[in-house]
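Here's a quick briefing to read alongside the sequence and the 3D view. Have both open as you go through the points below.

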Amino acid sequence: MEGSIMNSLGFDPFYLIIVQAVLSLILLTAVIVCIIRIRQLYRRYDVFMRGKDAESMEEMIISQMNEIIELKSQDRANKDSIRTANKNSRAAFQKMGLVKYNAFKGMGGNLSFAVAMLDYTNTGFVINSVHSREGCYLYIKDVDRGQTDTPLGAEEKMALEQALGYKEKTV
């Protein structure tokens with residue numbers, strides 16, 4: 001047997017048989033793992049499909065589609081409500097400045113004040129309340145985009161600048 005293929009390999013053929021046996025065991029283990037996983041998957045499928053036929057599955061899919069359509073319409077309505085709320089909030093007064101001062105030195109305290117209230121576009125009004133012993137006088141001046149047509153007093157100007165964010169608020 002000198003001319004046999006086994007003798008020309010250069011190593012003992014027993015090692016080749018051992019390698020084949022190890023590979024066979026590994027493949028056998030892999031096949032067993034695959035069979036176990038297929039059975040688990042089949043059990044899950046069986047539980048999922050239990051009591052269901054094609055008609056009931058179709059009804060379930062149709063009901064899910066109807067729910068999706070309803071949710072989309074609710075989403076659209078919610079987005080419209082948010083848009084309306086944003087428009088309304090822009091029209092509301094958002095910015096305010098307040099300056100308290102003593103209109104007449106030596107007569108009371110800081111009972112006079114100027115208040116500026118502005119919306120998103122810096123449009124609104126400035127109210128000036130001057131307190132004296134004879135009474136309290138209120139003056140209001142319109143503000144359009146941060147500007148007024150009538151001249152502002154020092155306190156009114158400070159209140160407007162506070163509302164516009166140019167100066168820190170001090171009370």
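**Surface first**

F11, F14, Y15, L16, I18, V19, V22, L23 and I26 make a nonpolar surface patch of about 850 Å². For the patch, residues need over 30% relative accessible area and no salt bridge, with nonpolar side chains (Val, Leu, Ile, Met, Phe, Trp, Tyr) joined within 5 Å and like charges within 9 Å. Bear in mind that this is a predicted model, where local features need pLDDT of at least 70 and side-chain atom pairs count only at pLDDT 80 or more, while totals for chains, interfaces and linings use all residues. Numbering runs from 1 along each chain as its sequence is written, and side-chain values use heavy atoms, with hydrogens and water left out.

- F14, one of the patch residues, sits in helix α1 (residues 13-49).
- With a relative accessible area of 48%, F14 is partly exposed; that class lies between buried (under 20%) and exposed (over 50%), using a 1.4 Å probe and protein chains only.
- The protein chain exposes about 13800 Å², and carbon and sulfur atoms supply 60% of that. The areas come from the Shrake-Rupley method with a 1.4 Å probe, and for residues only the protein chains shown count as cover.

**Overall layout**

- The protein chain has three helices and four strands, in the order α-α-β-β-β-β-α along the sequence. These elements are DSSP runs numbered from the N terminus: helices are H or I with at least four residues, strands are E with at least two.
- Among contacts (heavy atoms within 4.5 Å) with a separation of 6 or more, 40% are between residues 24 or more positions apart.

**The nonpolar core**

- The largest nonpolar core has 11 residues: V99, A114, A116, L118, V126, V143, L152, A159, L160, A163 and L164. Such a core is a set of buried Ala, Val, Leu, Ile, Met, Phe, Trp, Tyr and Cys residues joined through side-chain atoms within 4.5 Å.
- Helix α3 gives the most, with four.
- Who touches A116, once neighbours within four places in sequence are set aside? The contacts of A116 are K95, M96, G97, F125, V126, A159, L160 and A163.

**Salt bridges**

- There are three salt bridges in the structure, each being a side-chain nitrogen of Lys or Arg within 4 Å of a carboxyl oxygen of Asp or Glu.
- D75 pairs with K79, with the closest N and O atoms 3.5 Å apart. Both lie in helix α2 (residues 54-91), four residues apart, or about one turn of the helix. D75 is partly exposed at 37% relative accessibility, and K79 is partly exposed at 45%.
- D80 pairs with R83, where the closest N and O atoms are 2.8 Å apart. This pair is also three residues apart in helix α2, about one helical turn. D80 is partly exposed at 40%, and so is R83, at 47%.
- K141 pairs with E156, and here the closest N and O atoms are 2.9 Å apart. The bridge links distant parts of the chain, from K141 in strand β4 (residues 136-143) to E156 in helix α3, 15 residues apart.
- Are K141 and E156 buried or exposed? K141 is buried, with a relative accessible area of 17%, and E156 counts as buried at 3%.
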